[in-house]
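Dear colleague,

I am handing over the structure below, and I would be glad if you could look through it alongside the notes that come after it.

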Amino acid sequence: MIRVIYTSEARLELNEAGAYYRRISKELAQEFKQRLVAALEAIRRNPETWRRLDEKYRRKLLKQFPYGVIYHQPEADCIEVVAVMHLNREPDYWRGRIG
């Protein structure tokens with residue numbers, strides 16, 4: 001199975017989003033987590049399916065939440081998540097994180 005790794009910035013964004021939804025309700029936080037897991041499973045199954053942002057990076061949107069998972073596949077058995085991006089932020093802010 002393809003493993004998923006997160007950059008430290010992506011992990012921080014994920015934690016911040018989870019904390020935000022927990023402040024609203026446990027149920028909403030759980031739904032966010034389920035949608036994220038479903039998105040990651042879809043990426044694992046078909047990493048080249050989702051919208052290409054450039055030659056290397058792609059974005060998979062979460063259902064029912066204003067977030068996208070920005071990722072690339074540096075190796076055949078690995079997906080690297082570089083951002084768990086709120087879609088109302090500046091669209092290309094995450095590009096400053098990549099080489």
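What follows concerns confidence, then the first helix, then the strand pairing.

Please keep in mind that this is a predicted model, with a mean pLDDT of 94 for the protein and 99% of its residues at 70 or more. Among the elements, strand S2 (residues 51-52) has the lowest mean pLDDT, at 94, whereas strand S3 (residues 58-61) has the highest, at 97.

Helix H1 covers residues 8-24, and its 17 residues should span 24 Å at 1.5 Å a residue, which agrees with the 25 Å that separates its end C-alpha atoms. The buried residues in H1 are Ala10, Glu13, Leu14, Ala17, Gly18 and Tyr21. Viewed down the axis of H1, these buried residues lie within an arc of 130 degrees, and they therefore line one face of the helix.

Turning to the strands, S3 and S4 run antiparallel and are joined by four bridges, with arginine 59 having isoleucine 70 in S4 as its bridge partner. These two strands form a hairpin with five residues between them, and glutamine 64 in the turn has a positive phi of about 70 degrees. S4 and S5 also run antiparallel, joined by seven bridges, and they form a hairpin with two residues between them; here histidine 72 has glutamate 80 in S5 as its bridge partner.

With best regards

Key:
Residues are numbered from 1 along each chain as its sequence is written. This is a predicted model: local features need pLDDT of at least 70, side-chain atom pairs count only at pLDDT 80 or more; totals for chains, interfaces and linings use all residues. Side-chain values use heavy atoms; hydrogens and water are left out. The expected span of a helix is 1.5 Å times one less than its number of residues. Buried means under 20% relative accessible area, exposed over 50%, partly exposed in between (1.4 Å probe, protein chains only). The arc is that of the directions from the helix axis to the C-beta atoms. pLDDT is the predictor's confidence in each residue, from 0 to 100. Two strands pair if DSSP finds at least two bridges between them.
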